[in-house]
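This briefing is meant to be read beside the sequence and the model. Please keep both open while going through the points that follow.

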Amino acid sequence: MFISITTEQIITNKKLESWFVTPAFNIIRGKSFTFDCLLENPSSNTLLEVYLWQESDGEMIAIPIGTESIKSTGNEWKREIRFTIDEKYANTIGFIGFKFSTTTGENIQKCSIDNIQYGQQKILFTETFGNESIAIGTTIGVNAYKGYDNPDVFSASGGIADLRCLPDCFNGTNVLSCIYGWGGMAFEDEITMNVSSFIPKEGYGKLTLSFDVGAMDMSQPLNRMDFFCDDTPVTVDPSISVPLWTNIRVTLDLPLTSFEKIRLHFKGTGEGFGHCFDNITIIGE
């Protein structure tokens with residue numbers, strides 16, 4: 001089921017304006033709307049525009065929302081059109097208004113809207129480090145290994161980070177391990193996730209990074225490692241303690257909604273411990 005407006009039985013060359021308005025809702029900072037739409041037989045001046053309706057001084061006003069006006073969908077459904085509401089309207093009440101305007105022609109025009117959703121999450125990127133078998137204890141530089149779900153996304157500047165199968169951590173699955181030191185030697189490396197092709201330039205009000213993480217040799221705080229979106233630091237709660245030889249699921253709010261890379265930097269000591277990562281995802285909403 002979906003809602004529609006049609007120009008059937010309306011004379012040609014007549015200007016038409018029609019509105020679809022949602023029920024009232026509480027605007028939450030960072031959450032976005034998505035909807036699907038279909039424009040059938042649009043004329044040269046057919047438009048579908050999105051507005052925020054709010055009360056001001058006893059009157060209802062329509063505030064344009066920064067999404068591109070839709071002139072045509074090629075007579076096919078256009079899916080998951082996404083927009084966010086300016087955060088200055090957060091914690092207020094509003095309505096979403098869809099304005100359809102056109103000049104009628106000989107062909108019957110129709111505008112349909114479906115699947116209106118608010119705050120819907122979508123997985124933009126996921127990495128499980130593949131199913132390719134790796135011998136236990138084998139060290140494979142992250143730059144050389146190509147068994148990922150997303151080939152060529154990962155690189156490591158120092159060659160210390162590697163992909164391996166650990167028998168006691170993550171039940172023997174492939175993990176990305178970052179060893180901070182061994183035999184008195186201190187290791188340092190930076191892992192880069194080149195995710196620009198997965199992250200839209202606009203349309204998401206909030207992005208989060210989630211992963212499973214476990215510790216080798218000793219329990220330790222997660223913030224022993226620094227996280228960045230490009231060059232912007234990601235806040236890591238210092239109270240998050242990574243358990244030994246098991247894993248926890250961690251979610252970090254990302255400070256940007258558009259970026260090229262996520263960087264993980266670690267600088268160790270001579271102690272032989274580190275972090276192991278698995279099931280990395282980036283979620284947009």
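This is a predicted model: local features need pLDDT of at least 70, side-chain atom pairs count only at pLDDT 80 or more; totals for chains, interfaces and linings use all residues.

Residues are numbered from 1 along each chain as its sequence is written, and side-chain values use heavy atoms, with hydrogens and water left out.

- Strands, like helices, are DSSP runs numbered from the N terminus, with at least two residues (E) for a strand and at least four (H or I) for a helix; two strands pair if DSSP finds at least two bridges between them.
- Of the eleven residues of β8, nine are buried, so the strand is largely enclosed by the rest of the structure; buried means under 20% relative accessible area, exposed means over 50%, and partly exposed lies in between, with a 1.4 Å probe and protein chains only.
- Strand β2 is joined to β8 by seven bridges, and the two run antiparallel.
- Strand β5 (residues 47–56) also pairs with β8 in the antiparallel sense, over seven bridges, and Glu49 has Lys99 as its bridge partner in β8.
- Strand β3 (residues 25–26) is joined to β8 by two bridges, again running antiparallel, with Gly94 in β8 as the bridge partner of Phe25.

**Strand β9 and its partners**

- Strand β1 (residues 3–6) and β9 run antiparallel and are joined by four bridges, with Ser4 standing opposite Ser112 in β9.
- Strand β4 and β9 likewise run antiparallel, joined by seven bridges, and here Leu38 stands opposite Ser112 in β9.

**The five-stranded open sheet**

- Five strands form an open sheet in the order β12-β17-β24-β20-β21, with antiparallel pairing.
- The edges are taken by β12 (154–156) and β21 (232–233), each of which has a single partner strand, so one side of each is left without a neighbour in the sheet.
- Within this order, strand β17 (residues 188–194) and strand β24 (residues 261–267) run antiparallel and are joined by seven bridges, with Asn194 opposite Lys261 in β24.

**Salt bridges**

- A search of the whole structure finds eight salt bridges, the term being used for a side-chain nitrogen of Lys or Arg within 4 Å of a carboxyl oxygen of Asp or Glu.
- One of them joins Glu17 to Lys99, with the closest N and O atoms 3.8 Å apart; this pair links distant parts of the chain, since Glu17 is in strand β2 (residues 15–21) and Lys99 in strand β8, 82 residues apart.
- Asp36 is buried, its relative accessible area being 6%.
- Arg164 forms a salt bridge with Asp162, the closest N and O atoms being 3.0 Å apart; Arg164 counts as buried at 12% relative accessibility, and Asp162 counts as buried at 2%.
- Salt bridges that share partners also join Glu190, Asp231 and Arg263 into one network.

**Two loop residues**

- Thr104 is found in the loop between β8 and β9 (110–118), and at 2% relative accessibility this residue counts as buried.
- A polar atom of the Thr104 side chain lies 3.0 Å from the backbone nitrogen of Lys14.
- Not counting residues up to four places away in sequence, Thr104 touches several residues, among them Thr7, Ile10, Lys14 and Gln109; contact here means heavy atoms within 4.5 Å.
- Asn91 is found in the loop between β7 (78–84) and β8 (93–103) and is exposed, with a relative accessible area of 66%.
- Asn91 touches Asn26 and Ile27, residues up to four places away in sequence again being left out; Asn91 and Asn26 are 65 residues apart in sequence and 6.2 Å apart in space, C-alpha to C-alpha.

Terms used: A polar contact is a pair of N or O atoms within 3.5 Å; within protein, one must be able to donate a hydrogen and the other to accept it, and residues adjacent in sequence count only if both atoms are side-chain atoms.
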